[in-house]
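Q: I have a structure open and would like to go through a few of its contacts and elements with you. Can we take them one at a time?

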Amino acid sequence: MITRLKSMGIYVKDQNEALEFYTQKVGFELNSDVTQGGYRWLAVSPKGQPELQFSLSALKPGGNLTEEGVEMLTNLLDTGQLQGGIWETDDCRKTYEEMAGNGVEFMQEPVDMPWGVQALWKDNSGNWFTLIEPKY
């Protein structure tokens, strides 16, 4: 039986730039940075939730990822087609102001929806995310 999510990942164009983006602009913390056999496992976590690792995977050939796959994923990132997930916050408008003030690009400012307040933002590689303050 699955009991919880431990790690989720996204492809990033440059791991060092992504690390800076997620720690300096989004406010996450470095969780893991280990290189072995040419592969770098780089993960960040939301503050206060170190048990969830958000892996910043290099967009380069290797493992299951071919040159053709890299080209396809790069195109999807460049055209804003890859959603990276939904991040929850206690106050969407306040978090929006903080993140936007740090230079995070928002595709949608906070709006009231039937399920809560949500905003849409994207990272420096082109992945986009939902920021939500749920109504429960």
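Q: Which side chain does Asp33 meet in a salt bridge, and what is the N to O distance?
A: This is a predicted model, and in it the side chain of Asp33 meets that of Arg40 in a salt bridge, with 2.9 Å from N to O.

Q: Is Arg40 buried or exposed?
A: Arg40 counts as buried, because its relative accessibility is 18% and the cut-off for buried is under 20%. Asp33, on the other hand, is partly exposed, with a relative accessible area of 38%.

Q: How many salt bridges does the structure hold?
A: There are four salt bridges in the structure. Among them is the one between Arg93 and Asp112, where the closest N and O atoms are 3.4 Å apart.

Q: Which residue meets Lys122 in a salt bridge?
A: The side chain of Lys122 meets that of Glu105, at 3.9 Å from N to O. This pair, too, links distant parts of the chain, with Lys122 in strand S7 and Glu105 in strand S6, 17 residues apart. Lys122 is partly exposed at 24% relative accessibility, and Glu105 is also partly exposed, with a relative accessible area of 46%.

Q: Switching to helix H3, which of its residues are buried?
A: Helix H3 covers residues 92-101, and its buried residues are Cys92, Thr95, Tyr96 and Met99. Because these residues cover an arc of only 105° around the axis, they lie on the same side of H3.

Q: What is exposed on the other side of H3?
A: Glu97 and Gly101 are exposed there.

Q: OK, and what covers the buried residues of H3?
A: The cover includes helix H1 (15-26), together with strand S6 (105-113), strand S7 (116-122) and strand S8 (128-134).

Q: What about the ends: which residue caps the N-terminal end of H3, and what follows the helix?
A: Asp91 caps the N-terminal end, with a side-chain oxygen lying 3.3 Å from the backbone nitrogen of Arg93. After H3 comes Gly103, whose phi is positive, near 100°.

Q: Now the sheet: what is the order of its strands?
A: The four strands form an open sheet in the order S5-S8-S7-S6, and their pairing is mixed. Strand S5 (83-88) and S6 stand at the edges with a single partner strand each, so one side of each is left without a neighbour in the sheet. From one strand to the next, the twist averages 15°.

Q: How many bridges join S5 to S8, and which residue in S8 does Gly85 stand opposite?
A: S5 and S8 run parallel and are joined by five bridges, and Gly85 stands opposite Phe129 in S8.

Q: Back to the helix for a moment, which strands does H3 touch as it packs on the sheet?
A: H3 touches S6, S7 and S8 where it packs on the sheet, and its direction makes about 170° with that of S6.

Notes
Residues numbered from 1 in each chain as written. Predicted model: local features only at pLDDT ≥ 70, side-chain atom pairs only at ≥ 80, totals over all residues. Heavy atoms only, no water. Buried < 20%, exposed > 50% of the residue type's maximum accessible area, 1.4 Å probe, protein only. Helix = DSSP H or I, 4+ residues; strand = E, 2+ residues; numbered from the N terminus. Arc of directions from axis to C-beta. Contact = heavy atoms within 4.5 Å. Polar contact = N/O pair within 3.5 Å; in protein donor to acceptor, adjacent residues only side chain to side chain. Pairing = 2+ DSSP bridges. Axes fitted to C-alpha atoms, helices over the stretch in contact; angles between N-to-C directions.
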